[in-house]
Amino acid sequence: MERSFEKYFRQNRLPHMWCPGCGNGIVTKAVIMAIEKAGFSQDNTVIVSGIGCSSRASGYMDFDTLHTAHGRAIPFATGVKMANPDLNVIVLTGDGDCTAIGGNHFIHGCRRNVDLTVVLFNNNIYGMTGGQASPMTPTGKKATTAPYGAIDRPFDACKLAEAAGATYVARSTAFHVQHLADMIKGGLDSHGFSFIEAMCQCPTAFGRNNKMADPAKMMMALRDGVMMKAAWDKLPAEKQAERFPIGVLCQKEYIDYAKAYDTVIEKAGGRA
Ligand code: SF4
């Protein structure tokens, strides 16, 4: 059987380090599916990641890749895009990386509308660094830093991205692989800051802390915890609170940062 996706991976870096049943591999495959559908080549696509389990994905992918510092993937990616706006720049990040340590970079990337596609692997916890609660750990769920259950309210990262100025915002899950790939492809096709939340399972850090370490059951929970946006929109408010909408949540036009910066270059007398 032809394994057409192998060419996108660095065979000498495999096998990967993710735990059995982890959702990170599923989301990474969906990113590759979207890249292939978008027709991007390995020579004009740059993958940038921060730190954490999901950020290890960039090391396995056979593109030009940057594995950067914790929370700093978006500023590195901004630099790449501003230096060469013709490149397709994709950021792979986790919920801790993007919304805690990198939270300010995230909102300002949205505000500037930098032409990036940011895929947030949301497993609701810090996996690699020890199972601490992240800003996306649901209230009441346990973590090593919240052994009696988190009391903080979690971010809705999609609402945060939209409010901060992202021009394409979508959500899907590791259960809905084809849908997830389509959502990421929508981001790749958009010009401006595209944000896709990929809800996925971490059976080791989140699962074990919350008595749900079976990856298959975690995927069923992903399936049952969401609803397509069109159907979700018709629910009464109290029912909407029980599930996350998946699909395209926001899509609008606004000048991207590199094009806006061209006007500065022009006013300053052009490129040297
Ligand atoms: Fe995946 Fe969680 Fe294991 Fe990290 S700790 S590799 S996120 S299952």
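This is a predicted model: local features need pLDDT of at least 70, side-chain atom pairs count only at pLDDT 80 or more; totals for chains, interfaces and linings use all residues.
N88, I90, L92 and G94 point one way from β3. V89, V91 and T93 point the other way. Every one of these residues is buried. Buried here means under 20% relative accessible area. By that cut-off, 7 of the 7 residues of β3 (residues 88-94) are buried, so the strand is largely enclosed by the rest of the structure.

Next, look at what flanks β3. Strand β1 (residues 45-49) is joined to β3 by 5 bridges, and the two run parallel. Strand β4 (residues 117-122) is also joined to β3 by 5 bridges, again in a parallel arrangement. I90 can be followed through both pairings. I47 has I90 as its bridge partner in β3. In β4, the bridge partner of I90 is T117.

Now move to L92, which points the same way from β3 as I90. Setting aside neighbours within four places in sequence, L92 is in contact with V31, I47, V48, S49, G50, S55, A57, S58, M61, V119 and F121. L92 also belongs to the largest nonpolar core, which has 36 residues. Within that core, V27, I35, M61, L92, V119 and I184 touch the most other members. Several elements each supply at least two residues of this core: α1 (24-38), α2 (57-60), β3, β4, β5 (168-173), α7 (177-189) and β6 (194-199). The largest share, 7 residues, comes from α1. A second, separate core has 26 residues, including V46, F106, L116 and M136. In soluble globular proteins, nonpolar side chains tend to be buried together.

The largest pocket holds about 810 Å³ of space. Its lining counts 35 residues, and N124, P138, M199, G225 and F244 lie nearest the centre. The elements giving two or more residues to this lining are α6 (157-164), β6, α9 (215-224), α10 (229-232), α11 (237-240) and β8 (244-251). By class, the lining of the largest pocket has 20 nonpolar, 6 polar and 9 charged residues.

The second largest pocket has a volume of about 290 Å³. It is lined by 13 residues, of which F5, E6, F9, L14 and K29 are the closest to its centre. Helix α1 gives the most to this lining, with 3 residues. The lining of the second largest pocket divides into 5 nonpolar, 5 polar and 3 charged residues.

Conventions: Residues are numbered from 1 along each chain as its sequence is written. Side-chain values use heavy atoms; hydrogens and water are left out. Buried means under 20% relative accessible area, exposed over 50%, partly exposed in between (1.4 Å probe, protein chains only). Helices (H or I, at least four residues) and strands (E, at least two) are DSSP runs, numbered from the N terminus. Two strands pair if DSSP finds at least two bridges between them. A nonpolar core is a set of buried Ala, Val, Leu, Ile, Met, Phe, Trp, Tyr and Cys residues joined through side-chain atoms within 4.5 Å. Contact means heavy atoms within 4.5 Å. On a 1 Å grid over the protein atoms alone, a cavity is a set of points where a 1.4 Å probe fits but cannot get out, and a pocket is an open set with protein on both sides within 12 Å along at least five of seven lines; lining residues have an atom within 4 Å of a point. Grid points are joined across faces, edges and corners, and a volume is the space filled by probe spheres set on the points. Ala, Val, Leu, Ile, Met, Phe, Trp, Tyr, Cys and Pro count as nonpolar, Asp, Glu, Lys and Arg as charged, and the others, Gly among them, as polar.
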